[in-house]
Amino acid sequence: MPAIDEVLTRWMPVGQWRRVMVTGGAGFVGSHLCDALVETGIDVLCVDNFSTGSHQNISPLRSRNNFHLVEADVTVGVGTHLPVDAILHAASPASVVDFYLSPERSLSALSTGILTTLAYAQRHRARFVLISAAEATNDKNHLGEGDPTDPVELYRLARRFAESITANARSLMGADTCVVRLYSTFGPRMREDAGFVLPELVRQALNRVPVTVAGSGSKLVPLCYIADVVSGVLAAAMHPVPGPVEIGSTGGVPLAALAQRVIDVAGSTSPINFSPYALHAPAPIADTVLARELLGWTCRVSLEDGLATTIQAMREANSVA
C-alpha cells in the first residue's frame, strides 16, 4: 500500500490557516477533508445538516480538540459567527439520484446555500472553494441534452449555476473564490445509495451475487481515490487559482474489467452478468492540465490499492465475511 498519509499531507497548509470551515463536512468528500485538516492542527468547523451526511463519518474526530461540529442548514445560515480563513464548500447533492429524490432541497443547496456561504466568506475575507462535480461540464454525451425538464439536465444546470455564482462573485465583487470539479471519486465512506457504479459492483461482489455490467462492458470508468482528491482540493484551495480546476483520473478502465478487478480484490465467487440496459451515463474524463502544470498534482494511488481499501471499508461497514 502506498503512503496514503504522504499523499494527504503533501499540500497541507502550514502556518497559513488557523480555522477552516468545511460545509457538508459529514459527507463522503467533506469528512475526508475534515480528517486531513484536523491532522495538521488547524481548527476545523464541520457544518452539516445530515440530510445525506453521516455521524459515523466524523465519529473518530469528535474527540479531537480542534474539531467542532456545527449542525446547520447552509440554505439558512452556517450556524456560527466565528471567523475563518477558508471555506471548503461541499454541501450539495452528491449525485443525480439525490437531486431526483429531493429536487427542492438540492436546488436550494446549489443556489441559496452557496450565496449564504459566500456572504459569510466575504465578511471574514476568507477564501471560498466550491467543490463542484463533473456534471457541471457541457458534455454532449450526457443524457438529457438540452432538455431542462429532464432531471439529469436540471441537475447539470444547477451545478453550472453554482459555478457561475462562484466565478461571478470573484469577477464582480472581488471575492477570493475557486471552483474545483471532482470526477468519479471513490474510497471508504462512499454512499451505496447514491447511484454510482463502483459501490454497486462492490456490494454485489461482497454478497456473492452476480455482478451486473451494463451493455458490452466496454465503457470506460475513470476513478480517482479519495486521498488524491483531498490533496487536489487542498492544493487548489491554497493557491490563488480561480479555477475551474479539474481533479480526477485522466484515463479509465473498461466496466467489465473493473467488475472483474472488484471480484478478484474482494475474493468473491460472483459471476459477471451482462445486462442489455445501460443503467449509467458514460463517465466524463477530467482535464487535469491545470492541476498538473500549476499545482503539480496527479493521481498517485493505484486502482488496485484504492479498491483494496474501499472494499475492506465496505466489508466492515456491512459486516460481510
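**Core and helix packing**

User: Leaving aside neighbours within four places in sequence, which residues is Leu258 in contact with?
Analyst: Leu258 touches Leu198, Leu201, Val221, Leu223, Val253, Leu303 and Leu307, once neighbours within four places in sequence are left aside. Contact here means heavy atoms within 4.5 Å.

User: And how is the model set up?
Analyst: This is a predicted model, where local features need pLDDT of at least 70, side-chain atom pairs count only at pLDDT 80 or more, and totals for chains, interfaces and linings use all residues. Residues are numbered from 1 along each chain as its sequence is written, and side-chain values use heavy atoms, with hydrogens and water left out.

User: Which residues touch the most other members of the largest nonpolar core?
Analyst: Leu33, Leu37, Leu88, Leu198, Leu258 and Val262 do, out of 69 residues in that core. A nonpolar core is a set of buried (under 20% relative accessible area, 1.4 Å probe, protein chains only) Ala, Val, Leu, Ile, Met, Phe, Trp, Tyr and Cys residues joined through side-chain atoms within 4.5 Å.

User: Which helix gives this core its largest share?
Analyst: Helix H9 (residues 226–238), with nine residues. Helices are DSSP runs (H or I, at least four residues), numbered from the N terminus.

User: Switching topic, which residues of H2 meet H9?
Analyst: Phe28, Val29, His32, Leu33, Ala36 and Leu37 in H2 meet Ile226, Val230, Val233 and Leu234 in H9.

User: What share of the protein chain counts as buried?
Analyst: 51% of its 321 residues.

Definitions and conventions: Buried < 20%, exposed > 50% of the residue type's maximum accessible area, 1.4 Å probe, protein only. Helix = DSSP H or I, 4+ residues; strand = E, 2+ residues; numbered from the N terminus.
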